[in-house]
Amino acid sequence: MKELLATVKENKPIAKGIWSITLALPEPVGKIKGGQFANLSVGDASYPLKRPIGVCSVNGPDVTLCYQLKGDGTHKISQAKEGDKLSVLLPLGNGFDLGDAENIAVIGGGVGIFPLAAVIEEHAGKKNFRSYIGFRGKEYACLTEKFEKGGSLTIATDDGSIGFHGNAVQAFLSDYENIKCDLIISCGPPVMLRALKSALKERGIAVKCLVSLEERMGCGIGACLVCACKKSDGHNARVCKDGPVFDINEVEL
Ligand SMILES: Cc1cc2nc3c(=O)[nH]c(=O)nc-3n(C[C@H](O)[C@H](O)[C@H](O)COP(=O)(O)OP(=O)(O)OC[C@H]3O[C@@H](n4cnc5c(N)ncnc54)[C@H](O)[C@@H]3O)c2cc1C
Ligand code: FES
């Protein structure tokens with residue numbers, strides 16, 4: 001993990017309220033695994049806290065992060081221009097470890113699709129991915145070509161404007177009997193991960209399932225404990241350092 005002053009190569013909208021920023025890193029940071037994240041400064045000293053954003057794509061010294069405009073921080077990041085310098089700490093967290101799984105079901109909702117796109121990019125051609133990605137409506141859909149490259153893709157929208165009418169978990173469940181999968185990976189809002197956990201339990205689906213969690217963060221490196229989450233065994237874990245990826249049965253959602 002390194003803290004670097006990266007140069008903005010490109011920063012542009014890719015869907016409604018969603019932007020993509022590509023940063024040129026001044027030096028190598030080693031391998032970045034899908035599911036790892038960056039802590040990105042917003043480029044304004046009056047906002048000392050960096051914002052955690054999943055790495056979406058790596059291309060040589062360039063790293064692309066996709067982000068939803070949410071509050072002040074992400075709006076400030078969207079104002080960064082080509083050539084601007086932003087401080088970034090990366091790679092952070094554990095990332096998804098696919099082990100020897102070959103057929104992987106990918107379930108992503110909203111901004112949760114970005115780190116999942118990085119997993120597919122990392123393992124392209126080596127694993128079969130069956131992806132289910134959910135958006136509020138078609139104007140929010142993005143990066144679908146990245147998921148198609150990994151294998152097959154079902155798009156789900158809450159308003160039914162494209163693809164399956166419903167969310168990504170429902171799309172996965174409606175297809176489950178027809179697919180082969182030895183691992184499930186998922187990232188999305190807490191309500192989606194909770195729905196996934198109860199559906200797997202109710203239906204007796206015993207396939208290993210890894211989920212990436214989102215928590216508010218301070219340091220991003222395991223020192224401040226701002227990001228603690230509850231584990232099923234009663235202990236706490238640091239989402240930034242012990243996660244953000246956990247076995248779904250290991251954490252309280
Ligand atoms: C491991 C991880 C990976 C993430 N990956 C992505 C991604 O790829 N794309 C993306 O759009 N978003 C991602 N998020 C969420 C992103 O960090 C927040 O949307 C962002 O920090 C909001 O900042 P803001 O200043 O615009 O919003 P504000 O609401 O003004 O933020 C105020 C404070 O709360 C924190 N905060 C607000 N919402 C969240 C949240 N959902 N999770 C964590 N901290 C939050 C901010 O970092 C900031 O410190 C990720 C979060 C985590 C923890
Ligand atoms: S953000 Fe500081 S310990 Fe996780």
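Student: How far apart are the centres of domain 1 and domain 2?
Tutor: This is a predicted model, in which local features need pLDDT of at least 70, side-chain atom pairs count only at pLDDT 80 or more, and totals for chains, interfaces and linings use all residues. Residues are numbered from 1 along each chain as its sequence is written, and chains are lettered from A and ligands numbered from 1 in the order in which they are written. The domain bounds, from an automatic or database domain assignment, are 2–92 for domain 1 and 103–212 for domain 2. Taken over C-alpha atoms, the distance between the two centres is 24 Å.

Student: Which element gives the most to the side of domain 1 that touches domain 2?
Tutor: Residues are in contact if their C-beta atoms, placed from the backbone, lie within 7 Å. The contact takes 14 residues from domain 1 and 13 residues from domain 2. On the side of domain 1, two or more residues come from each of β1 (2–15), β4 and β5; strands are DSSP runs of E of at least two residues, and helices are runs of H or I of at least four, numbered from the N terminus. With 4 residues, the element that gives the most is β4.

Student: Where does ligand 1 lie relative to the two domains?
Tutor: A residue is near a molecule if its C-beta atom, placed from the backbone, lies within 6 Å of it. Of the 22 residues around ligand 1, those that come nearest include Gly54 and Val111. Domain 1 and domain 2 both give residues to this shell, so ligand 1 lies between them.

Student: Which element supplies the largest share of the shell around ligand 1?
Tutor: At least two residues each come from β4 (51–59), β5 (62–68), α1 (72–78) and α2 (113–123). The largest share is 4 residues, and the element that supplies it is β4.

Student: Which strands stand at the edges of the open sheet?
Tutor: The sheet has 7 strands in the order β10-β9-β8-β7-β11-β12-β15, with mixed pairing; strands pair if DSSP finds at least two bridges between them. Each edge strand has a single partner, so one side of each is left without a neighbour in the sheet; these are β10 (164–165) and β15 (245–247).

Student: Which residue in β9 is the bridge partner of Phe129?
Tutor: Strand β8 (residues 128–135) pairs with strand β9 (residues 151–157) in the parallel sense, over 7 bridges. In β9, the partner of Phe129 is Gly151.

Key: Two residues are in contact if their C-beta atoms, placed from the backbone, lie within 7 Å.
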